[in-house]
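Hi there,

Here is the structure I promised to pass on. Have a look at it first, and my notes on what turned up follow below.

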Amino acid sequence: MDISRRHLTRLALGAGALSLLTGVVPGWLIHAATAASPAPDPLALVDGELREAARAMLAQTFPPISRETLPAVRASWVPPPLLSAPAPSVTVRQVPGPPGAPAVAVELIGARPDSTPRPAILHIHGGGMISGRARNMTSFSQTLAAEFDAVVVNVDYRLAPETPFPGPVLDNFAAFEWMVANAGELGIDPRRIAIMGESAGGGLAAMVAQMARDSRTVQPCMLVMLYPMLDDRTGSARMVPPHIGTIGWSAEANRFGWSSFLGVPAGSDSVPAGSVPARLTDLAGFPPSFVGVGTLDLFIDEDLEFGRRLIASGVPTQMHVSPGAYHAFDFVVPEARIAREFTQAWKSSLHTAFGSQA
């Protein structure tokens, strides 16, 4: 079945944009709207095919993200329509949550219990730890299920600040455990479960992989992290060059998102154990990983460093760096050459992990 990423993105952007997919726009996330000092023109560094969209993003000005503006931010998420047949069907299920916590809502996509066991993907949406819903990524998850002939579980985890760490991580790990425990019913091969996330979802995916490693349960076969949010110190304890993080997710937004998630200010000397992937002292035993990011993304340094540490720990790791690309560029301009190359790279890794052909 041919359900293209371009088709999905046009559906989403028609409803008002990138925020529908990853939570990185509107302009309350754009550093240029609140920068206190002059900075180099970021557009000069942007890939030519991404520049028009970047210019439109920079033209937006909205109030900075805060607890007061957060309800409006969340309300701005208008989910794109589901893909119709022959796209895989979508069923909402309630799975057992963490001990003492509510059940976790998940979207079960493409399950065929009577078929030969197939690969599966635990998908974790982005939104800076503070916004977004699974429903915003349903169409994308349908494309995953179709292209990889896989079962996709798209998790509607609780958000910060109402539910700080470890609640969001535990919700996603509960969904992973449910997939393993019910693999037969769902038609899943438990040896071929990948964990995937974008932005905040990529950071949460790393935390779920850590929990799976430490619990010594069934291990995921792959960890796919697209421009993952891995280090609370970025933009707080550690500043970035002025041309980094000017388009898309900003240092200001990053501080708010991490502070909300951690329950302490981002960049603090001490944070809850296991709450920040970049602060983990031991990455040995992580599943084979893919890390993808653009050179203008706020997360470029932390993502490169995390990938380097995975490699140093003996974890088979592929890193893909896109020059002149900003946060979530592949969703903003999916038809651009650089976006197609980025998408092909992570898809190739996932096909390899599943033992399937592109």
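The accessible surface of the protein is about 13,300 Å², and carbon and sulfur atoms account for 55% of that; these areas are Shrake-Rupley values with a 1.4 Å probe, and for residues only the protein chains shown count as cover. Please keep in mind that this is a predicted model, in which local features need pLDDT of at least 70 and side-chain atom pairs count only at pLDDT 80 or more, while totals for chains, interfaces and linings use all residues. Residues are numbered from 1 along each chain as its sequence is written, and side-chain values use heavy atoms, with hydrogens and water left out.

The protein has 11 helices and 8 strands, taken as DSSP runs (H or I, at least four residues, for helices; E, at least two, for strands) and numbered from the N terminus. Among contacts (heavy atoms within 4.5 Å) between residues at least 6 apart in sequence, 77% join residues at least 24 apart.

The largest nonpolar core has 63 residues, and L122, W258, F261 and F286 have the most contacts inside it. Such a core is a set of buried Ala, Val, Leu, Ile, Met, Phe, Trp, Tyr and Cys residues joined through side-chain atoms within 4.5 Å. Helix α7 (residues 200-215) gives the most to this core, with 8 residues. Another core lies apart from it, with 44 residues that include A54, I109, I244 and I300.

Beyond its neighbours within four places in sequence, P168 is in contact with Y157, R158, T163, L204 and F261. F261 in turn touches P168, V169, L204 and M207, among others.

How do α5 and α7 pack? Their axes are 9 Å apart, at an angle of about 60° (lines fitted to C-alpha atoms over the stretch in contact, with angles from 0 to 180 degrees between N-to-C directions). The two helices are therefore oblique to each other. On the α5 side the contact is made by P168, V169, L170, N172, F173 and F176, and on the α7 side by L204, M207, V208, M211, A212 and S215.

Best wishes

Technical notes
Buried means under 20% relative accessible area, exposed over 50%, partly exposed in between (1.4 Å probe, protein chains only). Angles under 35 degrees count as roughly parallel, over 145 as roughly antiparallel, 65 to 115 as roughly perpendicular and the rest as oblique.
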